[in-house]
Amino acid sequence: MQSKMKESDPILEVENLSASTDNLPILKGVSLTVYPGEIHAIMGRNGCGKSTLSKIIAGHPSYNITNGDIKFLGENINSLEPEERAQLGIFLGFQYPIEIPGVSNLEFLRVSTNARRKFLNKEELDTFDFEELVKEKLEIVKMDHAFLSRSVNQGFSGGEKKRNEILQMALLEPKIAILDETDSGLDIDALRIVASGIKKISNAQTGIILITHYQRLLDEIKPNYVHVMSDGQIIKTGESDLALELEKKGYEWTDNFIKET
Amino acid sequence: MEIIEKIKTNKSIDNLTEIQKICLDKLQASPLPNPKSEQWRLSNKSKFSNFLNYSVNEKKSKFDTPFPNTSQSTIRLVIGDNCQINFIEENYSIKQLSEDKLVKYIKEQISCFDKNENWSDLLNLSLNCTKNILGLKINGSEIPPIEIFSHASINSLNAKTLVIFLEKNCNIDLLQVNLGKDNSSLSQSTFVCLEENSSVNHGVVSYGENKSNLLNSLNVIQQNNSEYNLGSLHFKFNYARFEIRIKQSKGNAKTNIKGMQITKKDEQISTFTKIDFHGPNGFLDQINKSLADDKSHAIFEGSIIVPKIAQKTDASQLSRNLLLSNLAQIDTKPQLEIIADDVKCKHGATISQLNEEELFYMRTRGITLTEASKLQLSSYFQEIISFIPVSKDRWDLLDKLLNEN
């Protein structure tokens with residue numbers, strides 16, 4: 001399906017990836033390639049392996065890769081630590097962003113940004129310079145400066161947490177962003193702010209993977225490809241109209257598909 | 001009996017003082033704490049005997065304070081320095097207690113001592129001749145912060161005693177720093193008496209070096225409408241015990257305690273607290289945190305005593321513990337003894353490990369595992385450190401902790 005002849009090399013290649021946790025297979029041979037400028041959507045029922053795939057790409061230590069490879073800019077990253085992957089330019093936007101009481105959001109964002117800047121051979125920012133940068137990025141997600149002085153995600157509403165994720169994405173300037181159900185828990189206005197933030201940050205050099213259940217995010221951000229996952233596999237890939245088809249048909253047909261294959 | 005002989009035959013003590021004699025008599029009857037008693041049952045026996053192994057040293061040794069005194073207004077004192085203290089300013093005075101008054105007060109205290117509960121104080125006062133006892137009487141207002149240092153010398157057992165009387169309507173910030181040296185034992189006993197309407201923000205920071213030991217006993221008496229705020233931190237000791245006894249003698253007083261102990265390698269650090277409400281409307285808010293790594297052992301035992309006279313007491317005691325290694329050990333036992341029927345008292349304990357999902361979240365932002373752990377620990381430490389009255393620009397305790405742990 002990804003037949004468009006690409007002018008550049010892929011950012012991310014997931015090749016026949018199988019993974020397990022506690023000896024329980026979760027992914028059963030997933031393949032996915034993302035080129036610069038592409039937006040991919042992964043849809044599927046709860047428990048089909050979408051979030052697991054995102055965590056494994058980000059390097060979650062609780063999962064074991066039992067087969068296959070993950071390549072970033074042509075290099076195998078199977079054995080890299082999560083922080084090494086992040087420094088390379090892989091960003092995971094969490095479905096449930098973690099609260100870290102006692103750690104100020106500003107300091108957390110500064111340490112994260114500097115870790116990425118260091119990798120990119122850019123000068124690390126002190127508190128004052130960082131405040132300037134973050135002020136600019138806050139505009140993208142329409143967040144108040146007061147959020148910076150609070151503990152990371154602590155006491156944030158669902159929408160504020162998701163906007164904080166997009167703020168981090170804006171600061172880290174990743175090569176590829178995997179956004180796991182960024183639209184869940186958002187009202188229409190918040191969804192538009194988040195979607196507009198994602199569009200502003202993404203460009204022809206970056207790739208985006210949107211994990212979602214609903215068409216409404218894809219109305220705001222039109223994907224190039226839609227993949228349907230079921231039982232740890234990508235069972236169908238299509239263009240953006242596949243999402244509309246799913247919205248009409250639901251996921252029941254995926255059960256039959258698995259039975260038949 | 002060995003310790004008693006050691007004190008009696010100590011060449012640096014010419015004549016035993018009256019207090020030493022009284023305490024030695026009491027120690028004769030109970031030369032060592034009862035290892036089966038609640039207060040001592042978890043104490044590591046070989047480490048405790050190591051504490052007593054060093055020879056008693058009353059000689060003055062070279063002492064470097066851990067941070068510079070950049071603030072001209074701060075009053076800095078070292079126990080055992082022998083200088084006469086007499087600060088008399090327009091708004092306040094800090095005077096040294098006369099020997100008579102000091103002896104009278106200590107004798108009163110000794111008369112109430114329990115042989116197990118106050119064994120550390122008995123040892124301290126048996127070891128201590130007058131030059132290592134500092135007694136202060138403080139009154140007035142706008143009193144500058146006070147810093148008091150106690151330190152042990154290498155290869156020796158040192159005892160230091162501090163007595164502070166805070167007169168009516170007086171507020172102070174007091175930082176007490178206890179420093180252990182290589183292969184040393186420090187016995188520190190502190191007695192604080194708060195008169196009506198007085199308040200203390202008391203910081204107790206104790207840290208050692210290789211193989212240093214500490215017995216740190218703190219006795220506080222609070223009168224009506226007094227407020228006692230204690231922020232404490234103990235780390236880097238082979239063996240350390242911090243005993244806190246607070247008595248709200250007539251009720252209507254407030255006590256806030258935020259304490260923390262950090263153990264690594266095979267260290268053992270314990271905190272024992274006894275908060276005694278002797279009147280109505282008392283208030284206590286206490287949190288004790290332990291962090292144990294490697295093969296170390298951290299202990300917390302806290303008791304809140306609310307007799308019938310202490311109606312309307314509002315007390316809370318929480319023990320929070322972080323276990324960083326499979327081989328480390330944490331024992332915690334917050335306890336309530338309530339006789340009064342109209343009170344609000346609660347207690348609780350939690351033991352957990354570093355949160356792996358928090359760590360993963362930080363790592364997905366490019367923060368290394370070590371840095372992510374440090375960030376998590378700094379948030380754990382921060383609540384306690386911010387309660388210790390010492391300005392950040394002079395001594396960044398958080399940096400010290402994170403770099404050493």
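Reply: Chain B is assigned domain 1 (2-249) and domain 2 (355-405), with bounds from an automatic or database domain assignment. This is a predicted model: local features need pLDDT of at least 70, side-chain atom pairs count only at pLDDT 80 or more, and totals for chains, interfaces and linings use all residues. Residues are numbered from 1 along each chain as its sequence is written, chains are lettered from A and ligands numbered from 1 in the order written, and side-chain values use heavy atoms, leaving out hydrogens and water.

Me: How many residues of the two domains are in contact?

Reply: 25 residues of domain 1 of chain B contact 13 residues of domain 2 of chain B. Contact means heavy atoms within 4.5 Å.

Me: How many salt bridges are there between those domains?

Reply: The rule finds zero. A salt bridge needs a side-chain nitrogen of Lys or Arg within 4 Å of a carboxyl oxygen of Asp or Glu.

Me: OK, switching to chain A. How big is the area buried between chain B and chain A?

Reply: About 1900 Å², of which carbon and sulfur atoms give 65%. Buried area is the accessible area (1.4 Å probe) that two parts lose on being put together, summed over both. Phe360(B), Tyr361(B) and Arg365(B) supply 40% of the area that chain B buries against chain A.

Me: And how many residues does each chain bring?

Reply: Chain B gives 14 residues and chain A gives 31 residues.

Me: How many salt bridges here?

Reply: Three between chain B and chain A. Arg363(B) and Glu81(A) meet in a salt bridge through their side chains, at 2.6 Å, N to O.
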